[in-house]
Amino acid sequence: MKSKGIGKSHAKIILIGEHSVVYGQPAIALPLPNVAQTVTITPRDDMQRLIHSSYFDGELTALPAKMNGVGKLVQALIDRFRGNHDYWEMTIDSDLPAERGMGSSAATAIAIVRAFFDYYQQPLNRELLLQLAAVEEEITHRSPSGLDAATAASSSPLWFIRGKLGTPIPMHLNATMVIADTGVAGATREAVTAVHQLLEQSPTSTQETIEHLGQLTKQVQSALQLNEVSQLGQILLAAHHDLQNLGVSNTDLDQLVQVSMDNGALGAKLTGGGRGGCMFALVKTPTEARHLAQTLLDAGARQTWLQPLM
């Protein structure tokens, strides 16, 4: 064992394709390295296993129910490394907000797995990393698509189709993303149910909207590669309108999207499950991004992050 094991990961954001990905359409997710998470493991000699985080601080055996996924993952890793007589403390240092569609639980799982493998000085490939991270995600999200974990473990944008591993895609984009938190927890399950009900009530128009989101996703892939920033912004705004029609936005998200467009954004949309959580806007320069971030805070956003998209 090393004197310290370190595992890193980061947030993710769904650029386009949320909800339509459930029905077989592609989605594109972006890693957000500026919104980072680090897990550190250091040994102890007092027969304790402690976890320090912003959500819980105490013994591993006392984890709250909302962290059951973390508990099962940690135990699986202890068993894997035959570490039942090894004692340590784990510190989870995260910039990610929970329940905001930025992949907080998946980023935690990825960082924990990497920290354990670093601590025990064992090699770790991507396939095994995602397999182990799924131990946590299957408890936290029941039937996860795998998108969050795949993106939290990636340094490149991912083209994703449900049931398949994400495929890295090139991005050559001179732009900056401004992400804003509405301060309202996302309601993914509620939003997914709403889309399903809408599909039953109005199958033709709803299916057309879902397929349109799939077409927009394909256009985004091209725009990312060709540095077509203005066109990308228009596509993202069109996707937000589709998501509004599917009933997964809300007044907080719509307000921040509108504020962004009124203040020079090239495009803006909600991200993730919807009914709360985060939105993002696209601007050309870091200076514009800083100005828009402050404007969004003034308009009621709880928190903002900036991510260059070079």
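These questions and answers concern a helix pair and a sheet in a predicted model.

Reader: How are helix H7 and helix H8 oriented, roughly parallel or roughly antiparallel?

Author: The axes of H7 (residues 229-245) and H8 (residues 251-262) come within 12 Å and cross at roughly 160°. Angles over 145 degrees count as roughly antiparallel. The crossing angle therefore makes H7, relative to H8, roughly antiparallel.

Reader: Is the crossing of H7 and H8 left-handed or right-handed, and which residues of H8 meet H7?

Author: The two helices cross in a left-handed sense. On the H7 side the contact involves Leu-237, His-240 and Gln-244. By class, the contact has 3 nonpolar, 2 polar and 1 charged residues. The H8 residues that meet H7 are Asp-254, Val-257 and Met-261.

Reader: Which strands are the edge strands of the open sheet?

Author: The open sheet has 4 strands with antiparallel pairing, in the order S9-S10-S8-S11. An edge strand pairs on one side only. The edge strands are S9 (267-271) and S11 (303-308).

Reader: What is the bridge partner of Asp-181 in S10?

Author: Strand S8 (residues 176-181) and strand S10 (residues 278-283) run antiparallel and are joined by 6 bridges. Within S10, Asp-181 has as its bridge partner Cys-278.

Reader: Which strands does H8 touch, and what angle does its direction make with that of S9?

Author: H8 packs on the sheet and touches S8, S9 and S10. The direction of H8 makes an angle with that of S9 of about 160°.

Terms used. Residues are numbered from 1 along each chain as its sequence is written. This is a predicted model: local features need pLDDT of at least 70, side-chain atom pairs count only at pLDDT 80 or more; totals for chains, interfaces and linings use all residues. Side-chain values use heavy atoms; hydrogens and water are left out. Axes are lines fitted to C-alpha atoms, for helices over the stretch in contact, and angles run from 0 to 180 degrees between N-to-C directions. Angles under 35 degrees count as roughly parallel, over 145 as roughly antiparallel, 65 to 115 as roughly perpendicular and the rest as oblique. A crossing is left-handed if the near helix is turned anticlockwise from the far one by less than a right angle, and right-handed if clockwise. Contact means heavy atoms within 4.5 Å. Ala, Val, Leu, Ile, Met, Phe, Trp, Tyr, Cys and Pro count as nonpolar, Asp, Glu, Lys and Arg as charged, and the others, Gly among them, as polar. Two strands pair if DSSP finds at least two bridges between them.
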